[in-house]
Amino acid sequence: MMKLFIGNKAYSSWSLRGWLACKLSGLPFEEVVVPLYDEAWEKRREGDEFAPSSGKVPILWDGDDIVVWDSLAIVEYLNEKSGGDKFWPVDTAARAMARSMAAEMHSSFAALRREHSMNIRQIYAPVPPSEAVAQDIGRIMQLWAQARARYGGEGDFLFGEFSAVDVMFAPVVTRFITYQLPVARFAEAYMRAVINHPWMQEWIGGAQAEEWVIDRFEGPPQSV
């Protein structure tokens, strides 16, 4: 059975992506939660199981000799392993756009990540976002609008059915909710669909049950 190492469910956005990818694959896997930044964190990161990723999570082991790290690589590995028909749209043009959006999510939106870290257990009073974060939000709204208009059809998600691109944007949805960031009206229905998905509800339940608190990820952003 595959084994997925993840960080705290309350805070670890990349772990959420790797975990959702495992769920989307339909393949059995064991999850191992590794508390971030506790007393044993540095020592644990030096272990053989974390060596391929330089101590980062998520990291997926498939048996003893196949290891995949980085959420987007996990998505692609599980897409191949599960038959190649669960993660991306069938239509060639839609699939190209979905992969481009997932890659942009993977490499962009640094201000949103930096100023609004994931914290699923909190909802803070709204504070006007910085200019850089507002630009990130604007770009995300543009991407979501294009996907929904061109390929959403009658489905609830960006390309109709829940897919890899929704996996990549799911932590962004939680950030928008946690910090009550301003989004376009059309985006609210998509965000509800993501947050109410059974897998997201399972993850949120796990986050609520965690006892760990990391101070650096707690507290609302300050107005600027």
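This is a predicted model: local features need pLDDT of at least 70, side-chain atom pairs count only at pLDDT 80 or more; totals for chains, interfaces and linings use all residues.

Student: How many helices and strands does the protein chain have, and in which pattern do they follow?

Tutor: Helices (H or I, at least four residues) and strands (E, at least two) are DSSP runs, numbered from the N terminus. Counted in this way, the protein chain has 9 helices and 4 strands. Read along the sequence, their pattern is β-α-β-α-β-β-α-α-α-α-α-α-α.

Student: Why can the protein chain be called as compact as a globular protein of that length?

Tutor: The radius of gyration is taken over C-alpha atoms, and the globule rule is 2.2 Å times the number of residues to the power 0.38. For 224 residues that rule gives 17 Å, and the protein chain is as compact as a globular protein of that length because its radius of gyration is close to this, at 17 Å.

Student: What box do the C-alpha atoms of the protein chain fill?

Tutor: The box is taken along the principal axes, and the C-alpha atoms of the protein chain fill roughly 45 × 45 × 25 Å. A further value for the chain is its accessible surface (Shrake-Rupley method with a 1.4 Å probe; for residues, only the protein chains shown count as cover). That surface comes to about 10,700 Å², and the part of it that belongs to carbon and sulfur atoms is 50%.

Student: What percentage of the residues in the protein chain is buried?

Tutor: Buried means under 20% relative accessible area, exposed means over 50%, and partly exposed lies in between, with a 1.4 Å probe and protein chains only. Of the 224 residues in the protein chain, the buried ones make up 50%.

Student: Which residues have the most contacts inside the largest nonpolar core?

Tutor: In soluble globular proteins, nonpolar side chains tend to be buried together. A nonpolar core is a set of buried Ala, Val, Leu, Ile, Met, Phe, Trp, Tyr and Cys residues joined through side-chain atoms within 4.5 Å. The largest such core has 74 residues, and those with the most contacts inside it are Met101, Trp144, Phe169 and Phe176.

Student: Which helix gives the largest share of this core?

Tutor: The largest share of this core amounts to 9 residues, and they come from helix H7 (residues 164-178).

Student: Which residues is phenylalanine 176 in contact with, leaving aside its neighbours within four places in sequence?

Tutor: Contact means heavy atoms within 4.5 Å. With the neighbours within four places in sequence left aside, phenylalanine 176 is in contact with Leu112, Ile137, Ile140, Met141, Trp144, Leu181, Val183 and Met191.

Student: Is serine 163 buried or exposed?

Tutor: Serine 163 lies in the loop between H6 and H7. Neighbours within four places in sequence aside, serine 163 is in contact with Leu24 and Phe87. Its relative accessibility is 6%, so serine 163 counts as buried.

Student: Is glutamate 154 buried or exposed?

Tutor: Glutamate 154 lies in the loop between helix H6 (131-152) and H7. Glutamate 154 is 17 residues from proline 171 in sequence and 23 Å from it in space, C-alpha to C-alpha. With a relative accessible area of 84%, glutamate 154 is exposed.

Student: Where is the proline that a cis peptide bond joins to valine 57?

Tutor: The cis peptide bond joins valine 57 and proline 58, with omega about 5°. The place of proline 58 is in the loop between helix H2 (41-45) and strand E3 (59-62).

Student: What is phi of aspartate 70?

Tutor: Aspartate 70 is in the loop between strand E4 (66-69) and helix H3 (71-81), and at 30% relative accessibility it counts as partly exposed. Its phi is a positive value in a residue other than glycine, near 80°.

Student: Which residues does valine 67 touch, not counting residues up to four places away in sequence?

Tutor: Valine 67 lies in strand E4 and is partly exposed, with a relative accessible area of 23%. Not counting residues up to four places away in sequence, valine 67 touches Pro52, Ile59, Leu60 and Trp61.

Methods
Residues are numbered from 1 along each chain as its sequence is written. Side-chain values use heavy atoms; hydrogens and water are left out.
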